[in-house]
Every structure is written in structure tokens, then in C-alpha cells.
Amino acid sequence: MKLYRSLTALLALFFTLSLSAQEADIPAIPHEESLMKAAGKYAAATQKQDWNKVIDMTYLPLVKLNGGRQTLLRQAQLSDQNLQQQDFELKAAELSAPLSETPVGDNILAVVPIRLTFNGPLGKLYSESSLLGVSEDAGKSWSFISMAQVDMNQVIELFPKLPKTFVVPQKRVYQE
């Protein structure tokens, strides 16, 4: 009888551990597929320097906050000219797996790391930052905020209910 109880307890423990392992397989980013598909389009437009497409995919309240579509388009074109004058050429825009997904009010925010690679007069230059994905429809579609272009104060202005624990990795630029 003791053996039967021990065996039953062991099977119950095994079953519980098995369920825990299955729950661990649930993705940490519930909307990862739709997020990464949209982020891929944003990164491709960035790499092609298709600023109209990038602005189309930018979170609209941020576009308005920064003076509107035409203002952002002029800034992007001036930035392109500045890079060309300094002999820099954008070669790649690469995404990494999303780091987090957080509900904020009626929105979902998700952090996707991005690395831009430039060829320049002294070799390759890398710019690492994040895209802040914003979904207003429960993860079906996404718009983005380039964290290389904004600071957390602007993000907090756009999302006043943002949890104080919300973290976006620091942007950095380095050369190899």
C-alpha cells in the first residue's frame, strides 16, 4: 500500500512538471508573428530609405507630435544628404527577436531590437536601438516608433499610463 501511494505521488509530481513544461512553451510574446511581419516591412523600408513607407508605418500620434508627415519627410531627406556628404551608406537593417510585450491602456507595446549597418570612410558603423511596436487593435496590426529618433519623455507623453517598469534598451553606435 505504501508503494502504491508513493507511486501515485510520483506520477502526480511528474504530471504537474509535465504541465509546467508545456506552459513554458507558450510564447512570451503572444502577437510575435504579426509584430515581426510588420517590423520586417518597416525595416525593409528603412533599408531602402523609402521614407514615405516608414512614415506610413510610424505611430500617427508621434507623426503629429513631430510636426506632421511633410516635416518628417524633410528631416529624413536632410539626414540622407548629410550621410551621403560624409560618405556613409546604409547597407542593412536587421531585426532581433522581440524582447517584451506590454498592455498599456487600449494599446499593446512591444520592443523589437534593430541594428542598422552603414559602410563609411573608416569601415562599418553600427547603430543599435529598438523599434517600439504599437498595436491599437489587440495585436492584429502594428505601427512603430523608432527609439533611435525619440526619447523616453516623448514615449511617456504618448503613453501616460506606461508602467514605470517598462524598459527599452539603450541605443548605441559603434564601429568595427
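Visitor: What share of the contacts in the protein chain between residues at least 6 apart in sequence join residues at least 24 apart?

Guide: A contact here means heavy atoms within 4.5 Å, and of the contacts in the protein chain between residues at least 6 apart in sequence, 57% join residues at least 24 apart. This is a predicted model, in which local features need pLDDT of at least 70 and side-chain atom pairs count only at pLDDT 80 or more, while totals for chains, interfaces and linings use all residues. Residues are numbered from 1 along each chain as its sequence is written, and side-chain values use heavy atoms, with hydrogens and water left out.

Visitor: How many helices and strands are there in the protein chain, and what pattern does the chain follow?

Guide: Helices (H or I, at least four residues) and strands (E, at least two) are DSSP runs, numbered from the N terminus. In the protein chain there are six helices and six strands, and along the sequence they follow the pattern α-α-α-α-α-β-β-β-β-β-α-β.

Visitor: How is burial read, and what part of the protein chain counts as buried?

Guide: A residue is buried under 20% relative accessible area, exposed over 50%, and partly exposed in between (1.4 Å probe, protein chains only). By that reading, 37% of the 176 residues of the protein chain count as buried.

Visitor: Where are the buried residues of H2, and what do they pack against?

Guide: The expected span of a helix is 1.5 Å times one less than its number of residues; helix H2 (residues 32-47), with 16 residues, reaches 22 Å from its first C-alpha to its last, close to the 22 Å expected. Its buried residues are Leu 35, Ala 38, Ala 39, Tyr 42, Ala 43, Ala 45 and Thr 46. Seen down the axis of H2, these residues fall within an arc of 160° (taken from the directions from the helix axis to the C-beta atoms), so they line one face of the helix. They pack against H3, strand E1 (89-95), E3, strand E4 (123-135) and strand E5 (143-146), whereas the face turned away from the buried side carries the exposed residues Glu 33 and Lys 37. After H2 comes Gln 49, whose phi is positive, near 55°.

Visitor: Which residues of H5 are buried, and which are exposed on its other side?

Guide: The buried residues of H5 are Leu 72, Leu 73, Ala 76 and Asp 80. They cover an arc of only 100° around the axis, which puts them on the same side of H5, and Leu 78 and Gln 85 are exposed on the other side. What covers the buried residues of H5 includes helix H3 (51-56) and helix H4 (60-65). H5 is followed by Asp 87, which has a positive phi near 65°.

Visitor: How many bridges join strand E2 to strand E3?

Guide: Two strands pair if DSSP finds at least two bridges between them, and five bridges join strand E2 (residues 100-104) to strand E3 (residues 107-120), which run antiparallel. Glu 101 stands opposite Ala 110 in E3. E2 and E3 form a hairpin with two residues between them, and Gly 105 in the turn has a positive phi of about 60°.
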